[in-house]
Amino acid sequence: MISRTLYGWLRLLAAAVCGAALVHRMFWGLGSQTIAGQNFFAYLTIESNIAYTILGVVAGIIALRMPEDPPWLTTARAIVLSWTITAGLAFALIVWQAGLRGIPITVPWSDVVLHFVLPAWAILAWILGPGRAPAPWRIVPYVLLYPVIWGLFTIWRGGIIGWYPYYFLDPRQVSGIPEMVATCAIALGIFAMVACGLVLLSRMHPTEARGL
């Protein structure tokens, strides 16, 4: 088991890497001169990684100052990690489907870090990081609340500006409203499963009172 102090610095390092990747991804998108690049902050994946960066700084400082995470931090981490991990899975699915459809898609290093490297690290840190108590089951509805609100707003906004951050939210790119609703329901189901998985992992392997 790594020490609590080292874990604190690793949290801060992960937050710094996430922040650097977000900045690179923003300027890379703006350089593409497309409406997608101009709507950088409209992506759920970007918003969730911003939350991850902020929480990572807070969690790192707490790990350096306290032997265990307070309950509210465990709850907040479970919620934010559910968002970032699910966003990584969704991004992988989008890239895979684009390949099947013969649609060229460029994945910069920042996307690889945001959607694959950091979620993998987050899972390891959740399982092995010292000072974490079991997460409560009540996080599951809170995990779903954000994507529901984000999705409703994004669909409404997309109808006005004619652009959607993800193709399955655009009725013009799917077979119609039923497919869009079904896809959104599946996405919410994945959010719920990831949240439940994190809770189960935390209860099977609590790490409080083990850090130094």
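Reader: Which residues lie nearest the centre of the second largest pocket, and how many residues line the pocket?

Author: Happy to walk you through it, bearing in mind that this is a predicted model. A pocket is read through the residues that line its open space. Here the lining of the second largest pocket counts 30 residues, and Phe168, Thr183, Cys184, Ala187 and Leu188 are the ones nearest the centre. The pocket's volume is about 670 Å³.

Reader: Which elements give two or more residues to that lining?

Author: Four helices do: H3 (44–65), H4 (71–100), H6 (139–161) and H7 (177–204). H7 supplies the largest share, with ten residues.

Reader: What is the make-up of the lining by class?

Author: There are 24 nonpolar residues, five polar ones and one charged one.

Reader: Are Cys184 and Cys18 buried, partly exposed or exposed?

Author: The general idea is a cut-off: under 20% relative accessible area is buried, over 50% is exposed, and partly exposed lies in between. Cys18 has 0% relative accessibility, so Cys18 is buried. Cys184 has 22%, so Cys184 counts as partly exposed.

Reader: Now to helix H5. What should the span of its 20 residues be, and what is the distance between its end C-alpha atoms?

Author: The rule is 1.5 Å a residue, so H5, residues 109–128, should span 28 Å. Its end C-alpha atoms are 26 Å apart, which agrees.

Reader: Where does H5 bend?

Author: The bend is at Val117 and amounts to about 30 degrees. Pro119, a proline, follows within four residues.

Reader: How far apart are Trp121 and Arg11 in sequence and in space?

Author: They are 110 residues apart in sequence, yet their C-alpha atoms are 10.0 Å apart. His205 and Pro134 are 71 residues apart in sequence and 7.9 Å apart in space, C-alpha to C-alpha. With a relative accessible area of 26%, His205 is partly exposed.

Technical notes. Residues numbered from 1 in each chain as written. Predicted model: local features only at pLDDT ≥ 70, side-chain atom pairs only at ≥ 80, totals over all residues. Heavy atoms only, no water. Expected span 1.5 Å × (residues − 1). Bend = angle between axes of the 7 residues up to and from the residue. 1 Å grid on protein atoms, 1.4 Å probe; cavity = no way out; pocket = protein on both sides within 12 Å on 5 of 7 lines; lining within 4 Å. Points joined across faces, edges and corners; volume = space filled by probe spheres on them. Nonpolar A, V, L, I, M, F, W, Y, C, P; charged D, E, K, R; others polar. Buried < 20%, exposed > 50% of the residue type's maximum accessible area, 1.4 Å probe, protein only.
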